[in-house]
Each structure stands twice: as structure tokens, then as C-alpha cells.
Amino acid sequence: MRADSTTTFRTLYPTIEPYSVQHLAVDGGHQIYVEQSGNPNGIPILFVHGGPGGGTSGIQRRFFNPKKFRIILFDQRGCGKSRPHASLENNTSWDLVADMEAIRKHLGINRWSLFGGSWGSTLALLYAQAYPAQVDNLILRGIFLMRQRELDWFYQNGTRSIFPEAWDRFERVIPEEERGDMITAYYKRLTEVEYTEDQLIFAKEWSLWEGSTVTLMPDHEQRSHSIDPVFALAFARIEAHYFKHKGWLESDDQLLTDAKKLINIPTTIVQGRYDAICPPISAWDLSKAMPWAKLKMVPVAGHSAFEPAIQHELICATDAI
């Protein structure tokens with residue numbers, strides 16, 4: 001099939017296994033899981049996963065032509081196969097940016113492309129703005145800029161209007177007097193010692209809220225994965241930790257203000273029109289701050305990278321590198 005938006009949807013490349021797997025020791029006592037697959041002599045491309053705290057899986061290798069790309073996946077601090085699991089110590093946005101640069105140097109890569117969605121788009125932008133000379137291309141999906149209005153949309157007064165039944169469950173476990181700040185209420189229960197015995201209960205509810213809203217059509221497999229105890233504990237603790245601290249950014253609009261640093265980097269933005277987690281206004285605002293970027297507003301899609309039309313645009317974007 002031709003790789004453009006006018007033909008039958010592109011599908012994922014065949015399943016592949018890594019040719020290299022390792023744990024890279026970084027500052028702060030963390031060991032970062034790093035894997036490589038595809039062509040060892042190919043174009044280096046780094047998959048930057050979402051969450052924060054989401055981790056990687058083998059299916060994510062399949063967005064890239066394995067004959068063309070040196071495909072690099074890594075699990076961010078505290079999640080996936082990185083160690084220690086669910087740790088919040090020395091775990092900030094800037095630690096993750098430093099980890100990405102440590103991975104690049106460790107692998108002997110001069111320049112690479114970044115592929116990130118949701119929180120992965122945030123982290124990819126942060127890294128690229130810190131190290132623009134090391135980035136060849138950006139492919140970004142489901143844009144999240146760590147602005148207060150975005151946090152309020154998903155955890156307070158936006159998405160709840162679209163998924164009221166899922167919100168009712170998410171809200172129900174929090175006392176009524178604390179529901180005016182759901183991030184703080186959950187953060188307390190996911191991090192403070194007095195809630196240790198019940199921490200997994202709150203972790204599953206936090207994770208299930210996102211798992212219930214990620215696709216345009218209901219995805220029962222996604223919901224089931226979201227309440228896996230190992231996944232949920234890291235995902236919920238790390239997300240709440242990052243969102244409580246607003247990503248440790250210097251200002252609410254830092255990513256837009258610093259977008260000018262990326263002017264020489266070809267960028268593709270893929271956004272689902274009906275994304276209930278990261279609404280399209282953020283992708284639109286980023287495209288205005290980066291007028292050289294190509295914005296693909298996908299008409300019938302939500303947030304997930306694996307919705308057919310989103311998946312299609314992402315594979316077209318990687319093939320175009």
C-alpha cells in the first residue's frame with residue numbers, strides 16, 4: 001500500500017524481537033531498561049512512551065520499518081522493566097531528559113529522531129528544546145503541554161462530561177470535600193504512608209479512569225490492562241507525582257515559548273479530533289508556535305496510538321523520514 005492519507009489504512013509492521021537488551025545505570029539509583037531492534041545500521045529513532053509511568057511493550061516496535069530504522073525503546077524511571085519499580089525518588093522531567101541524553105551517548109548515536117505521544121510528546125519536546133542539535137525529526141501524537149488547563153480538563157471539569165459513568169467511579173473513592181482537587185487527593189493516597197495498605201486500590205482507580213477514556217470506541221482489553229497491579233501501581237504513582245508538581249516546568253506555557261528552539265527540526269503532529277484526554281486545542285496551539293510543523297488532525301479518532309486512522313498517520317510519518 002502507498003504511504004499516504006488517501007489510501008487504505010497502513011497497518012503495523014511485523015512482530016520483531018530486540019537484538020540488544022540492557023539496563024543502563026543512571027544518576028539517583030535508577031537502572032533504565034533500554035532495548036534495540038530493527039537495523040543496527042539504520043536511522044536511529046527513539047520511542048518515547050506516555051504516562052508518565054506507562055512503560056513500553058513490543059507492539060510499539062512495529063510503528064517503524066525494521067529494515068530502515070534502528071529502533072530504540074526505553075522505560076522511563078520507575079516503570080516498565082526499569083528499576084526500582086514505582087519509585088518517585090529522583091524522578092522528575094529533567095531526570096528523564098538527562099536519561100535520554102545518557103542513552104544517546106551510551107549507544108554512540110550522534111543524532112536521532114524522536115517519536116512520542118501524549119506525555120511522550122511532552123518529554124520529546126522537553127528533550128528537543130534542551131538538545132536541538134541532537135534531534136533530526138519529531139513525530140508527536142496526542143499533544144500534552146503540561147498546562148494547568150489540560151490537567152483541569154482531564155482531572156476536574158472536562159472529560160467527565162463525556163464519560164460520566166467512568167468519572168463517577170473515579171470520583172467515588174474520594175471524600176466529597178476533597179473532590180475540588182482530584183490530583184492532590186489521589187496523590188496523597190498514592191504516596192503517603194497512612195494509605196500504604198490501600199494504595200493499590202487507588203492506583204487501579206486512577207489507571208482505570210484513563211483506560212476508560214483513551215479510545216473513541218470502548219476497548220475492554222485496554223481497561224483490563226490498566227488495572228494490572230504491576231502496571232497500575234507505577235502508572236498511577238508516577239502520573240500523580242508528575243501532575244502534582246506540574247512537570248517541574250518553569251512556566252505554564254514553557255513548551256510553547258521555547259518552541260522557537262526547534263525551528264530547524266522537521267516535525268509532524270498527529271492529533272485525534274475527538275481525543276478526550278489531550279484535546280485538540282493543544283495540538284493546534286503547538287502548530288501555531290511551530291508553523292513549520294505538519295499538523296494531521298485525524299477526523300475520526302480519540303487518543304490511542306493504535307486507533308486505525310492515528311496508527312496510519314504515524315506509520316506514514318515514520319516512512320517519510
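Helices (H or I, at least four residues) and strands (E, at least two) are DSSP runs, numbered from the N terminus. The structure is a predicted model, in which local features need pLDDT of at least 70 and side-chain atom pairs count only at pLDDT 80 or more, whereas totals for chains, interfaces and linings use all residues. Residues are numbered from 1 along each chain as its sequence is written, and side-chain values use heavy atoms, with hydrogens and water left out.

**View 1. The open sheet of eight strands.** The strands follow the order β1-β2-β4-β3-β5-β6-β7-β8, and their pairing is mixed; two strands pair if DSSP finds at least two bridges between them. At the edges stand β1 (20-26) and β8 (294-298), each of which pairs on one side only. From one strand to the next the twist averages 20°. Within the sheet, β5 (residues 112-117) and β6 (residues 135-141) run parallel and are joined by five bridges. G117 stands opposite R141 of β6.

View 2. Three residues lie between the two strands of the hairpin, where G28 adopts a positive phi near 85°. β2 also pairs with β4 in the antiparallel sense, over five bridges; here G38 stands opposite R70 of β4. Strand β2 (residues 30-38) is largely enclosed by the rest of the structure, because seven of its nine residues are buried. Buried denotes under 20% relative accessible area, computed with a 1.4 Å probe on protein chains only.

**View 3. Helices α10 and α11 against the sheet.** Helix α10 (residues 280-289) lies across β6, β7 (267-272) and β8, and runs at about 160° to β7. Helix α11 (residues 308-319) packs on the sheet, where it touches β4 (69-74), β5, β6, β7 and β8, and its direction makes about 175° with that of β7. Contact is taken as heavy atoms within 4.5 Å. Axes are lines fitted to C-alpha atoms, for helices over the stretch in contact, and angles run from 0 to 180 degrees between N-to-C directions.

View 4. In the whole structure, a search finds 25 aromatic pairs. Rings of Phe, Tyr and Trp (its six-membered ring) pair if their centres lie within 6.5 Å; planes under 30 degrees apart count as stacked, over 60 as edge-to-face and the rest as tilted. Y155 and F170 form a tilted pair, because their ring centres are 6.3 Å apart and their planes stand at 45°. Since Y155 belongs to helix α3 (residues 148-157) and F170 to helix α4 (residues 164-172), this pair ties together parts that are 15 residues apart in sequence. Y155, at 2% relative accessibility, counts as buried, and F170 is buried with a relative accessible area of 1%. The rings of F170 and W206 have their centres 6.1 Å apart and their planes at 65°, so this pair is edge-to-face. It links distant parts of the chain, with F170 in helix α4 and W206 in helix α6 (residues 199-211), 36 residues apart. W206 is buried, at a relative accessible area of 0%.

View 5. The buried residues of α3 are E150, L151, F154, Y155 and Q156. Among the elements that cover them are α4, α5 (182-191), α6, α8 and α10. The whole structure holds one cavity of 30 Å³ or more, and the largest cavity has a volume of about 110 Å³. Of its 13 lining residues, F144, F154, F243, I277 and C278 are the closest to its centre. Helices α3 and α8 are the elements that give two or more residues to this lining, and the largest share, four residues, comes from α3. On a 1 Å grid over the protein atoms alone, a cavity is a set of points where a 1.4 Å probe fits but cannot get out, and lining residues have an atom within 4 Å of a point. Grid points are joined across faces, edges and corners, and a volume is the space filled by probe spheres set on the points.

**View 6. The largest pocket.** A pocket is an open set of grid points with protein on both sides within 12 Å along at least five of seven lines. The largest pocket contains about 1100 Å³ of space. It is lined by 44 residues, of which Q60, Q222, H225, S304 and F306 are the closest to its centre. At least two lining residues come from each of β3 (43-48), β5, α6, α7 (220-226), α8 (229-244) and α11.

Notes:
Buried < 20%, exposed > 50% of the residue type's maximum accessible area, 1.4 Å probe, protein only.
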